[in-house]
Amino acid sequence: MAGMAGPSGRWRLEEWIDLEAELAERPEVLGEEKRAVREAVVGLGEAEARGVGMRVWWGMRCGESVAGPGWRLGQALGWVVAGLGFLAFLAGGSAVLGWWDRVRGGVHVGLFLVVVIGVQWVFLLGAVLALGLRGSWGTGRGFGVLQGLMARLARRFSGGEGWGFWSGLMDGGTARRMLGWRLVRGTQVAAMAFNVGVLAMLGGLVLGRHVGFFWETTTEVAMRGTLEVVVRWLSLPWAGWLPEAVPGAGVIGETRWVPGRTETLEAGPAEWWRFLLMATVVWGLLPRLVLWGWAWRAERRAGVGVEFQSRAHRALWRGLREVTMEPVSEAAADGVLVLEVGGAVFDREGLRPFLLRRLRVNPLAWLPVAVMDAEQEAEARAALAKAPAGVVLLAEAWALSPPRMAALHAAVRERAGAEMPVKFLAANVGEGGRAVAPSVEELREWERFVDGLRDPAAEVFGFVTDA
């Protein structure tokens with residue numbers, strides 16, 4: 001159920017949908033949520049803290065719910081898969097009945113192999129090829145026809161046609177990947193049900209009707225040779241330990257339906273029905289079971305290591321990780337390199353208390369952004385090596401230049417690596433170099449810019465006056 005949290009660090013589809021729905025409906029962060037998250041992430045790195053904090057927030061908002069949108073969608077999708085599986089089971093049984101020639105009293109083995117094995121593998125290889133061309137479901141492209149139909153039915157039965165958050169949820173990313181693999185599992189369940197229906201009806205005909213088996217052609221030599229090759233290749237997995245389920249050349253020759261024959265076929269031979277049962281299990285049922293397991297594992301992997309980089313997630317995290325101003329304690333703060341962007345002259349000593357209290361970092365060095373130029377590479381690398389807490393990019397809030405800041409961010413990443421924390425600090429210069437808080441609109445522009453970088457180790461802060 002959606003109300004039960006999954007393993008630490010892994011999100012289930014139902015949980016993720018509940019999180020997105022709650023975030024869309026009630027994005028405001030409450031004081032008790034901030035306190036709970038703050039206590040849970042003490043001593044954790046940024047990426048781990050974000051994952052743990054989001055799980056804590058989800059637990060406080062959705063953890064006790066058993067009727068959220070995620071749970072309802074999961075239940076509805078389960079019923080859709082069950083219904084599709086039932087129809088596929090009937091289709092498999094009906095197909096065998098269609099190949100049973102009541103006048104001749106036998107099953108046409110050629111048609112059986114073409115439909116049960118051949119057509120299934122054509123669809124299977126086509127689906128794999130289409131998946132390879134589309135890439136992952138995180139690209140935002142559509143599901144297959146059947147998967148799309150299943151998703152629409154599940155939404156309708158769960159009452160989710162009016163969910164305002166759905167289009168954003170399906171625009172790509174974690175939810176789309178998890179749902180995509182869940183739908184693949186559903187189609188494999190239906191395919192397995194089809195094969196089970198084939199096995200059940202074939203077994204029923206053999207036991208209840210004592211049917212015979214035949215093949216027919218207008219070109220005896222070519223068709224017989226082809227059938228012998230197909231039987232030999234399909235039976236390779238079991239020929240060594242179950243030879244009685246491998247029709248030989250003699251059996252194949254004896255079961256050809258000769259034009260003009262009028263008598264009804266006798267039951268058997270047993271090699272044919274054993275071969276058809278084994279071929280259905282090995283080449284029809286087992287590949288689908290393997291794909292189901294692959295999709296199950298892929299769905300689990302899609303919910304692991306989520307970085308929460310959408311704008312809504314980053315806005316929520318900014319709210320959750322807000323802290324009150326605390327007394328200055330340089331010993332407890334990690335060192336950072338402060339890069340001053342744009343040539344503005346800030347009062348460094350005036351900014352130090354804010355960095356210590358709000359960002360929880362200790363400025364070890366202040367350098368103009370030019371130190372990231374190639375000719376001063378050594379100095380930049382030495383400064384970064386002494387800054388375990390990463391880099392603070394200090395810039396005037398009103399002078400945001402996205403192309404320039406994006407290039408600077410890329411340069412920092414190139415030299416510092418992908419995991420080093422990068423904190424953007426937006427402030428304006430007041431009288432005497434005193435830092436002044438940016439306007440609401442200025443800070444919003446900075447947040448949009450940093451969110452657009454989709455860098456899990458990058459955060460944005462606006463200067464606030466010490467109260």
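**View 1. Helix H13, residues 311-320, is largely enclosed by the rest of this predicted model, because seven of its 10 residues are buried.** Here, buried means under 20% relative accessible area, with over 50% counting as exposed and anything in between as partly exposed (1.4 Å probe, protein chains only). Helices (H or I, at least four residues) and strands (E, at least two) are DSSP runs, numbered from the N terminus. The buried set is His313, Arg314, Leu316, Trp317, Arg318, Gly319 and Leu320. These residues pack against helices H1 (13-25), H2 (31-40), H3 (46-62) and H17 (440-453), plus strand E9 (458-462).

**View 2. Phe354 and Phe463 make a tilted pair, since their ring centres sit 4.8 Å apart with the planes at 50 degrees.** Rings of Phe, Tyr and Trp (its six-membered ring) pair if their centres lie within 6.5 Å; planes under 30 degrees apart are stacked, over 60 edge-to-face, and the rest tilted. Phe354 belongs to helix H14 (residues 348-357) and Phe463 to the segment after E9, 109 residues apart. Both Phe354 and Phe463 are buried.

**View 3. Phe424 and Trp446 form another tilted aromatic pair, 6.4 Å centre to centre and 50 degrees between planes.** Phe424 comes from strand E7 (residues 422-429) and Trp446 from helix H17. Phe424 is buried at 0% relative accessibility, and Trp446 is buried at 1%.

**View 4. Trp11, Trp16, Trp58 and Phe308 form one aromatic cluster.** Arg55 lies over the face of Trp11, 4.1 Å from the ring centre, and over the face of Trp58, at 5.3 Å. For a charge over a ring, NZ of Lys or CZ of Arg must be within 6 Å of the ring centre and within 35 degrees of the ring normal.

**Notes.** Residues are numbered from 1 along each chain as its sequence is written, and side-chain values use heavy atoms, leaving out hydrogens and water. In this predicted model, local features need pLDDT of at least 70 and side-chain atom pairs count only at pLDDT 80 or more, while totals for chains, interfaces and linings use all residues.

Key:
Contact = heavy atoms within 4.5 Å.
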